[in-house]
Amino acid sequence: MKRKIDVWDYAGTIMKAVETGALVTVKANGKVNSMSIGWGALGIEWNTPLFIAYIRESRFTRELLDQNPEFTVNIPLGECDPYILNLCGTRSGRDTDKIAELGLTTVEGETVSVSAIKELPLTLECRLIYRQLQDVPAVAEQLRAIHYPEPYDIHVAYYGEITAAYILE
Ligand SMILES: Cc1cc2nc3c(=O)[nH]c(=O)nc-3n(C[C@H](O)[C@H](O)[C@H](O)COP(=O)(O)O)c2cc1C
């Protein structure tokens with residue numbers, strides 16, 4: 001069952017989880033792929049509630065997202081096996097079916113073609129409305145040195161309109 005939530009009532013829960021690790025799931029060409037994220041933002045722009053994911057250009061997730069502009073954000077609630085975030089954050093969907101390897105339970109999305117994941121039950125369904133390659137020279141020098149050594153692997157900010165928010169129960 002999908003219990004609908006008001007995303008702003010859960011803003012703290014979502015952002016605290018992102019800080020320690022959550023998943024972004026994408027789907028294209030019959031492939032479903034999840035990657036761990038530690039960065040993200042909840043916000044409003046163009047009168048639209050948004051989740052912004054920051055995904056480096058090199059990620060397989062970026063390739064799938066550029067083919068099918070939809071994603072889900074999967075937030076753990078309570079106990080979550082650290083191995084899930086570890087595997088999804090160190091292996092690439094290019095050579096591993098991470099969902100199958102972890103035995104994760106996918107649940108069909110409501111407003112997007114991408115699934116939710118039962119084991120990380122707080123779900124944001126998102127439809128891409130804007131993307132922007134980060135402007136590396138505009139990043140403060142001390143951060144640039146840490147996050148963008150040459151050759152650059154730049155983050156793309158993917159702005160997803162939140163089209164549904166719920167907890168899988
Ligand atoms: C806790 C954690 C947080 C991460 N956060 C991000 C992130 O916000 N953006 C990013 O591009 N990569 C992040 N990564 C790295 C990707 O998850 C990792 O490179 C992953 O293997 C990419 O998978 P893919 O090639 O299937 O897309 C994180 C890794 C971990 C373990």
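In what sense do strand β9 (residues 122-133) and β10 pair, and over how many bridges? The two run antiparallel, joined over 11 bridges; strands count as paired here if DSSP finds at least two bridges between them. Within this pairing, Leu 128 has Gly 160 of β10 as its bridge partner. Before going further, keep in mind that this is a predicted model, in which local features need pLDDT of at least 70 and side-chain atom pairs count only at pLDDT 80 or more, while totals for chains, interfaces and linings use all residues. Residues are numbered from 1 along each chain as its sequence is written. The element names follow DSSP runs, numbered from the N terminus, with helices (H or I) of at least four residues and strands (E) of at least two.

Let us stay with β10, residues 155-168. Strand β1 (residues 2-4) pairs with β10 in the antiparallel sense over three bridges, and there Lys 2 stands opposite Leu 168. β5 also pairs with β10, again antiparallel, over seven bridges; Arg 56 finds its bridge partner in His 155 of β10.

Glu 45 stands opposite Thr 48 in β5. Of the five residues of β4 (residues 41-45), the number buried is zero, so this strand lies largely in the open. Here a residue is buried if 20 or more other C-beta atoms lie within 10 Å of its own, exposed if 12 or fewer, and partly exposed in between, with C-beta atoms placed from the backbone.

Now for the helices. In α1 (residues 11-20), Ile 14, Ala 17 and Val 18 are the buried residues. They cover an arc of only 100 degrees around the axis, which puts them on the same side of α1; the arc is that of the directions from the helix axis to the C-beta atoms. The face turned away from that buried side carries the exposed residues Gly 12, Lys 16, Glu 19 and Thr 20. The buried residues of α1 pack against β2, β3, β4, β6 and β9, where contact means C-beta atoms, placed from the backbone, within 7 Å. Just after α1, Gly 21 takes a positive phi of about 135 degrees.

Helix α2 has Thr 61, Leu 64 and Leu 65 buried. Seen down the axis of α2, these residues fall within an arc of 100 degrees, so they line one face of the helix. They pack against β2 (22-28), β3, β5, β6 (70-75) and β10.

What about the interior? Leaving out residues up to four places away in sequence, the contacts of Ala 22 include Ala 17, Ile 37, Val 73 and Leu 120.

Finally, the ligand. Of the 20 residues around the ligand, Gly 38, Thr 61, Gly 89, Ser 92 and Gly 93 come nearest; a residue counts as near if its C-beta atom, placed from the backbone, lies within 6 Å. β3 (31-37), β5 (48-56), α2 (60-67) and α3 (82-90) each supply at least two residues of this shell, and the largest share, four residues, comes from β3.

Note on methods
Two residues are in contact if their C-beta atoms, placed from the backbone, lie within 7 Å.
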